[in-house]
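This note sets out some points for a colleague reading the model alongside its sequence. The points follow in numbered form.

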Amino acid sequence: MANKGKVICPYCGTGCQIELTAEDNYIKSATGVSDNPVNQGCLCLKGYYGWNYVGSRDRLTTPLIRKKNGKFSKDGDLVEASWDEALDLVAKKMLEVKEKYGADAIAGNYSARCTHEDNYVAQKLLRILGTNNIDHCARI
């Protein structure tokens, strides 16, 4: 049995309203809500097609780190790691970039498939690290 629910699209700050149809805990379709004054039933490509990842069986559930001989290496194989190990590595690498190239270089390396919440957390972190150069991936 299909379930429907209205949500605000998480991809950018425009505020488009979407009606998602889900079946067996998988999103089957997304349609714009016609009486919403922001998008008037229209959706961009991300709002319309950007939902397959939610129920994907390929979605990662554990952090992966490239390791060679038990240590991080760009030439290593991807192996499962704990969240603490992964976050410690990310923090270490971000600080290395900041020390070598300055805080703005960290922001230049920030790129992800982001929601509003992701961007909020990223801007808070990057400002702590010393840069106001924050961008997001809402552009198509």
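Which residues does S73 touch, not counting residues up to four places away in sequence?

1. The model discussed here is predicted. In it, S73 touches R66, K67 and K68, when residues up to four places away in sequence are not counted. S73 itself is placed in the loop between β5 (71-72) and β6 (77-80). Its relative accessible area is 16%, and S73 is therefore buried, the cut-off being under 20%.

2. K67, one of the residues that S73 touches, also forms a salt bridge with E85, in which the closest N and O atoms are 2.6 Å apart. Because K67 belongs to strand β4 (residues 64-68) and E85 to helix α2 (residues 83-101), the pair ties together parts that are 18 residues apart in sequence. E85 has a relative accessibility of 31% and counts as partly exposed.

3. The count of salt bridges comes to two. Besides the pair formed by K67 and E85, there is a salt bridge between E96 and K93, with the closest N and O atoms 3.5 Å apart. Both E96 and K93 lie in helix α2, where they are three residues apart, about one turn of the helix. E96, at 36% relative accessibility, counts as partly exposed. K93 counts as partly exposed too, at 29%.

4. Turning to the sheet, three strands form an open sheet in the order β1-β2-β3, and the pairing is antiparallel. β1 (3-8) and β3 (26-32) stand at the edges with a single partner strand each, so each has one side left without a neighbour in the sheet. From one strand to the next, the twist averages 30°.

5. The pairing of β1 with strand β2 (residues 17-23) is antiparallel and extends over six bridges. Among the residues involved, N3 has A22 in β2 as its bridge partner.

6. The largest nonpolar core consists of seven residues, namely C9, Y11, C16, I18, L20, A30 and W51. I18, a member of this core, touches G5, K6, V7, C9, A30, T31, V33, L43, G47 and W51, again leaving aside residues up to four places away in sequence.

Key: Residues are numbered from 1 along each chain as its sequence is written. This is a predicted model: local features need pLDDT of at least 70, side-chain atom pairs count only at pLDDT 80 or more; totals for chains, interfaces and linings use all residues. Side-chain values use heavy atoms; hydrogens and water are left out. A nonpolar core is a set of buried Ala, Val, Leu, Ile, Met, Phe, Trp, Tyr and Cys residues joined through side-chain atoms within 4.5 Å. Buried means under 20% relative accessible area, exposed over 50%, partly exposed in between (1.4 Å probe, protein chains only). Contact means heavy atoms within 4.5 Å. Two strands pair if DSSP finds at least two bridges between them. Helices (H or I, at least four residues) and strands (E, at least two) are DSSP runs, numbered from the N terminus. Axes are lines fitted to C-alpha atoms, for helices over the stretch in contact, and angles run from 0 to 180 degrees between N-to-C directions. A salt bridge is a side-chain nitrogen of Lys or Arg within 4 Å of a carboxyl oxygen of Asp or Glu.
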